[in-house]
Amino acid sequence: MEVKLRLLRFNPETDDEAHFEDYTIDADPMDRLLDCLHVVKWEHDGSLALRRSCGHGICGSDAMVINGVNRLACKVLIKDLPQPITVEPIRGLPLIKDFIVDMEPFFAGYRAVKPWLITDEHDHGPARERIQSPKDRARYDDTTKCILCAACTTSCPIYWSDGSYVGPAAIVNAHRFIFDSRDAGGKERLDILSGKGGVFKCRTAFNCTDACPRGIKVTLAIQEVKRAALYDSL
Amino acid sequence: MVQYHDYDAVIVGAGGAGLRAALEAGKRVKTAVVSKLYPTRSHTGAAQGGMCAALANVEEDSWEWHAFDTVKGSDFLADQDAVDVMCKEAVTSVLELERMGLPFNRTPEGKIDQRRFGGHTRNHGEEAVKRACYAADRTGHMILQTLFQQCNKEGVEFFNEFFVVDLVLVDGVCGGIVAYEIATGELHVFRAKSTLFATGGYGKMFKITSNAHTLTGDGPGVVYRRGLPLEDMEFFQFHPTGLYRLGILLSEAARGEGGILRNADGERFMERYAPTIKDLAPRDMVSRAEFDEIREGRGAGPDKDYILLDLTDVDPEVVETKLPDITEFSRTYLDVDPLKEGVPITPTAHYAMGGIPTNVTAEVLRSHHGDIVEGFYAAGECACVSVHGANRLGTNSLLDIVVFGRRGGLAMAEHASTHKQPAVPDDAHAGAEKWIRSLLKGSGEEPTHKIRHELQDIMWDKVSVSRDDEGLSHALEAIAGLKKRFANSRVRDQAKIFNTELVEHMELGYLLDMAEALTASAHARTESRGGHYRADHQMREDDHWLKHTFIRKTDDGDTELGYKDVTLGRYEPVERKY
């Protein structure tokens, strides 16, 4: 079938500002949008710049604004997209070229919440595993799915307007540890997240939950972290 | 402008092996990780089913049984000393990951849960054993995330989106690497006392593959161009359950949890090929069985060209909770609900058993005599220890990256602490600079993708599940022709900033070299063993071929083969039945 694409293009070496360019290509209804972007890159304009790797929604490289909403280009099929298909870079991070944005501010927000297991016990090495009940394991299962694609964070209107906000993905990764029974760093993280730039910036727009390609209940996770911060319910 | 960096240890690649090495080296010496992707984009994250270790949390088990299964699975080509190291250290490696916070699934008592996986058995083949530790069907994702978390905790330095283009060798000693910064188009020389390659596989040479677009053999490609050998390149694994036409992996865990393979007649055909463990036979055998079923006209679908993975008899809750990702892949990409109908699958190019030859300390070998390249290490899929021999067992790749990544990191730190930095010449970047200039200023007009697609077609048709002399000779000629055309092709984009066309072009250059090494090695080996099946030499020939292939490129551009004996141990080669 014929597919019409409207791609927001920006080449920092020649353009003053981003502009739309239209492409018409041939594709199968079951093709991924990523396949179509490859056709444009390979057969029409080799300079089209995008990040991608696994091609099936696991590596988190190719989050884009697709017909107005944040999606992974490798996880939406042509048959499900009204045409022309408009593709823009994710918002809220500095644009570098075409669909490539500077990811550093995103990862800085992630690192700010100490996303690693914090333990108070002295670690004598791996004599045995820690015991964790299936129920305790299930408590934080949803937020372990995060692939750091930034689709949630860059769909958040607060994140767009307030550079100090760590954003949904950072909170998701804090949640993953705060509610892990093996972790002892909950208070440390809640102190960080109670401060300026933390969870209370969230206004529950739910854009993040809609954007997550992994189906994580992002807004719920943020609310749970808020509750923990307010009521010390850990 | 070339920029210079000085480190004790430089690691190329930020998947599981690279990050595990970085954790060890980073605690001890000044360490940098150089990766063409952001760390969590690496393909370790796509590994699904699990990581085997004889924890015996669910059923009786021992590391020796694991070692036996690994050796038998390898069709007796694995080096048994290396297999012992891996299977013994598997137990502490899993426990270490748990201590780092990896969210393994748990038994009712709260211990790490384990499940069945292809080729893993109790007591030397009696029946399938529960040995694979797992986190739903995203075990690789959790390993990658956990290691990345720990690297952040330890403050490991990353150079993201830097593409490796050369190895610095000073009088045969490794002194670092040359990398191309994708964001700026500049070259960087990383001077290092210890250098480790952990660049992953090269499945992108095949039309149908589970591999990421970025798995193009960059590390082994650099090594090969430097005249150093690659080992056992003919052994490439075709995984039996790739989504029809797309190749996206559906984990063996699907069969571990009770999934069954059926042909067009609804027959559970694996009962004929592996009467004891049936659908959980090793991957090479299952892929060949599927290939035979399709060839003999028993394939499913309108074109009789696929097999059905039947999960309809598995408890729907197990499917939704223990196999959520693959269920979603099937629904998203094929519009097929595994709870209601069989999922169309075929073999998909999955894993390179061969690669940069190393010893158990991850030191890179200079030749088939076993001498090493000082200061140079490799680990993970790009390396060949060899623990997988002619066919890797499921879950042993995640184990390999953690065990040998750790060993590599320790060895790098030790070497860097006791050796001086080799004097890197001022023109260390000259070769890479010349190569890139020639790609940008070439006279030809042929675009990258045409050459790549032709390569993928020829490799799939002639060098995949079933091979023979005629097909391999044809492929060798075709690859030589493609290499000529590649030399005359040209990158259209002349940009400095994110010239991803240039990057894809360089990746294709590496892929062509990998395809040449693989096909030439396969052509020479006139026997069938593991993942290397020759329709014109269907038997395994231990008298002649119980040895590792070493292939290198000579100064005049020809390929040269050498062979190294397999290190045997407790297990004498016997016929492989399941």
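Q: Is T143(A) buried or exposed?
A: T143(A) is buried, because its relative accessible area is 2%. Buried means under 20% relative accessible area, exposed means over 50%, and partly exposed lies in between, with a 1.4 Å probe and protein chains only. This is a predicted model, in which local features need pLDDT of at least 70 and side-chain atom pairs count only at pLDDT 80 or more, while totals for chains, interfaces and linings use all residues. Residues are numbered from 1 along each chain as its sequence is written, chains are lettered from A and ligands numbered from 1 in the order in which they are written, and side-chain values use heavy atoms, with hydrogens and water left out.

Q: Where is T143(A) in the chain?
A: T143(A) sits in the loop between α3 and α4 (157-161) of chain A. Helices (H or I, at least four residues) and strands (E, at least two) are DSSP runs, numbered from the N terminus.

Q: Which residues does T143(A) touch?
A: Not counting residues up to four places away in sequence, T143(A) touches V172(A), H175(A), R176(A), I216(A) and A221(A). Contact here means heavy atoms within 4.5 Å.

Q: And what does the side chain of T143(A) reach?
A: That side chain reaches the backbone oxygen of Y140(A) at 3.2 Å. A polar contact is a pair of N or O atoms within 3.5 Å; within protein, one must be able to donate a hydrogen and the other to accept it, and residues adjacent in sequence count only if both atoms are side-chain atoms.

Q: Salt bridges next. How many are there over all chains?
A: A search of the whole structure finds 81 salt bridges. The rule asks for a side-chain nitrogen of Lys or Arg within 4 Å of a carboxyl oxygen of Asp or Glu.

Q: Which residue pairs with D98(A)?
A: D98(A) forms a salt bridge with R9(A), and the closest N and O atoms are 3.0 Å apart. D98(A) lies in the loop between β6 and β7 (100-101) of chain A and R9(A) in strand β1 (residues 2-9) of chain A, so the pair ties together parts that are 89 residues apart in sequence. Both D98(A) and R9(A) are buried.

Q: What about D142(A) and K145(A)?
A: Their side chains meet in a salt bridge at 3.3 Å, N to O. D142(A) counts as partly exposed because its relative accessibility is 21%, whereas K145(A) counts as buried at 18%.

Q: Moving to chain B, what is the partner of K36(B)?
A: The partner is E507(B), with the closest N and O atoms 2.6 Å apart. K36(B) lies in the loop between β2 (31-35) and β3 (51-52) of chain B and E507(B) in helix α15 (residues 500-524) of chain B, so this pair ties together parts that are 471 residues apart in sequence. Both K36(B) and E507(B) are buried.

Q: How do the two chains meet, and how many residues take part?
A: The contact takes 67 residues from chain A and 64 residues from chain B. The area buried between them is about 5,500 Å², of which carbon and sulfur atoms give 50%. Buried area is the accessible area (1.4 Å probe) that two parts lose on being put together, summed over both.

Q: How many salt bridges cross the interface of chain A and chain B?
A: The rule finds 9 salt bridges there. One of them joins E98(B) and R182(A), whose closest N and O atoms are 2.9 Å apart. Between chain A and chain B there are also 38 residue pairs in polar contact, both residues being at pLDDT 80 or more.

Q: Which element gives the most to the side of chain A that touches chain B?
A: That element is α1(A), with 5 residues.

Q: A new topic: which peptide bonds are cis?
A: Among them is the bond joining Q83(A) and P84(A), with omega about -5 degrees. P84(A) is found in the loop between β4 (69-72) and β5 (85-88) of chain A. The bond from V385(B) to S386(B) is also cis, with omega near 10 degrees.

Q: Which value of phi does T204(A) have?
A: T204(A) has a positive phi of about 50 degrees, although it is not a glycine. Most residues other than glycine have a negative phi, and most peptide bonds are trans. T204(A) counts as partly exposed, at 33% relative accessibility.
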